[in-house]
Amino acid sequence: MAINVEEISSLIKEEIKGFKNELEVANDVGTVVTVGDGIVLIYGLKKGMLGELLVFNDEDYGMVMNLEEESVYAVLLKNSNKIKEGDKVKRTGKVVEVPVGDALLGRVIDSLGNPLDGRGKVEYTKTAPIERIAPGVIARESVNEPIETGILAIDSLIPIGKGQRELIIGDRQTGKTAIAIDTIINQKGKDVYCIYVAIGQKNSTVASIYEKLKTSGTMDYTVIVNASASEITPLQWLAPFSGVTMAEKWCQEGKNVLIVFDDLSKHAIAYRTLSLLLKRNPGREAYPGDIFYLHSRLLERCVKLDKKRGGGSITALPIVETLAGDISAYIPTNVISITDGQIFLTTGLFNRGQRPAIDIGLSVSRVGSSAQYKIIKKASASLKMEISNYHDLAAFNQFGSDIDASTKVILKHGSVLEEILKQNQYESLKTSEEAIYLFAAKNNFLDDLEIKDVKPFLSSLYRYINDFHNELIEEIDNNHILSDEKINELVEAIASFKKEQSLGNGN
């Protein structure tokens, strides 16, 4: 076999270059100048990289955050009291990475992939950097498949598509997390991986969510990344980036992933705390100038890839908490401008018993009906307009003025629509249930019922159609569409049931 001298020479040069790089990293040692509040000022490390992993005392780790002329600032990735002034700091030559892959499914882990569920070490084989450039426009495909939440108000009025970023926003205790958890539970059997990232939450809250997901059989396809309120600030800041890195691994394999960031308000506060401790210049409300970039580079990594790249997707449900419903505050407006729509929950509707407490007027999906099954799109075509008309007329009606017969009809129809959109937590609806409920309302089969009888009627109606017209339900659930002939058959079936009900009641 002929020996290619040039090829051997280039290989030797590469080996020498790699050895030199390792030698430079090994010899580039810094010294701790000050340490406190999880922030370390280090003199030296002239070749240090932004985001590089550092080692203290061969057991504690940190991450480079600020690069200055003679020193670097680093944040600690572990709550340690062992680091003191004068300690030596070593470079690793690697940026911070987290575990990825199927070994994470069913586990509760921290921002660095360490187990929190008491089930032993996570047996992962691959890691990936927490920061990555988001796929460009050419690599993306338009959002055209729905992520079914099982919540009628969302699937019919504010549809969410695979690869979309839909913000859930509202005051405390209005049901934001409930919507996200219901959506995760509804992915069972739909071949969607789920990641729930808890930022600054109480451990007891995360534990109750874990128990609910476990008992519902949802943890089989779910990972919980927990950076609780008791964790150090750097881990709270890292958590969503760790979560989306884990999601990207599955997305690149052509799989669909749903990720929940709960919540980005606390994430922004954690980053503000870090930035102030790092002596970065404060801006509006003391947030650093790059707070918008922080969330944009996170959410831009949520994507629907084109078929050439496997067709995988990452759907994001970021959560933001408002104060007194103020969606014009700094962080809410930032995240609203990055996302593809928002589901706005209000305290007033929640206290009135409208659950989920979605403000239809302020909620929007910028992807819209392109991420909606055709059967649901057809059934809910005029739903939003009818509810808006109802709210307008109801506002005048509260003054107690006389109203004509046609207005009474609109008010009754609107109150029925509001009633069918009410839904308890953990009571997800199948596509066929949503379609049948919407067609029954659309064709005015519910308008002569008492409001308290609407839900029982719909439950009985679904059982009737399941017993006597099961082929319609199978067609909706499997193909998500009905021909005009089949729709007429469905409407006739609803009419037949209504007639039987009327005769049974002696009407």
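S228 is buried, with a relative accessible area of 3%. Buried means under 20% relative accessible area, exposed over 50%, and partly exposed in between (1.4 Å probe, protein chains only). S228 sits in the loop between strand 12 and helix 5. Neighbours within four places in sequence aside, S228 is in contact with G200, Q201, N203 and Q236. Contact means heavy atoms within 4.5 Å. Helices (H or I, at least four residues) and strands (E, at least two) are DSSP runs, numbered from the N terminus.

This is a predicted model: local features need pLDDT of at least 70, side-chain atom pairs count only at pLDDT 80 or more, and totals for chains, interfaces and linings use all residues. Residues are numbered from 1 along each chain as its sequence is written, and side-chain values use heavy atoms, with hydrogens and water left out.

Two strands pair if DSSP finds at least two bridges between them. Strand 10 (residues 167-170) runs parallel to strand 14 (residues 313-321), with three bridges between them. G170 has E321 of strand 14 as its bridge partner.

Axes are lines fitted to C-alpha atoms, for helices over the stretch in contact, and angles run from 0 to 180 degrees between N-to-C directions.

Six strands close into a barrel with antiparallel pairing, in the order 1-2-5-4-3-6. On average, neighbouring strands of this sheet are turned by 45° against each other, direction ignored. Strand 3 (residues 52-56) and strand 6 (residues 88-95) run antiparallel and are joined by four bridges. Within strand 6, V95 stands opposite E52.

| Helix pair | Axes come within | Crossing angle |
|---|---|---|
| Helix 13 (residues 431-442) and helix 15 (residues 470-479) | 8 Å | roughly 115° |
| Helix 7 (residues 291-299) and helix 8 (residues 330-338) | 10 Å | roughly 35° |

The crossing of helix 13 and helix 15 is right-handed. So is that of helix 7 and helix 8. A crossing is left-handed if the near helix is turned anticlockwise from the far one by less than a right angle, and right-handed if clockwise.

Helix 13 contributes T431, S432, A435 and I436 to its contact with helix 15, which supplies I473, I476 and D477. By class, that contact has four nonpolar, two polar and one charged residues. Ala, Val, Leu, Ile, Met, Phe, Trp, Tyr, Cys and Pro count as nonpolar, Asp, Glu, Lys and Arg as charged, and the others, Gly among them, as polar.

In the other pair, I291, F292, H295, S296 and L299 of helix 7 meet Y330, I331, N334, V335, S337 and I338 of helix 8. Seven residues of this contact are nonpolar, four are polar and none is charged.

**Cysteines**

A disulfide is a pair of cysteine sulfur atoms within 2.5 Å. By this rule the count is zero. For C194, the nearest cysteine sulfur is that of C302, 13 Å away. C194 counts as buried, at 0% relative accessibility. For C302, the nearest cysteine sulfur is that of C251, 9.1 Å away. C302 also counts as buried, at 0% relative accessibility.
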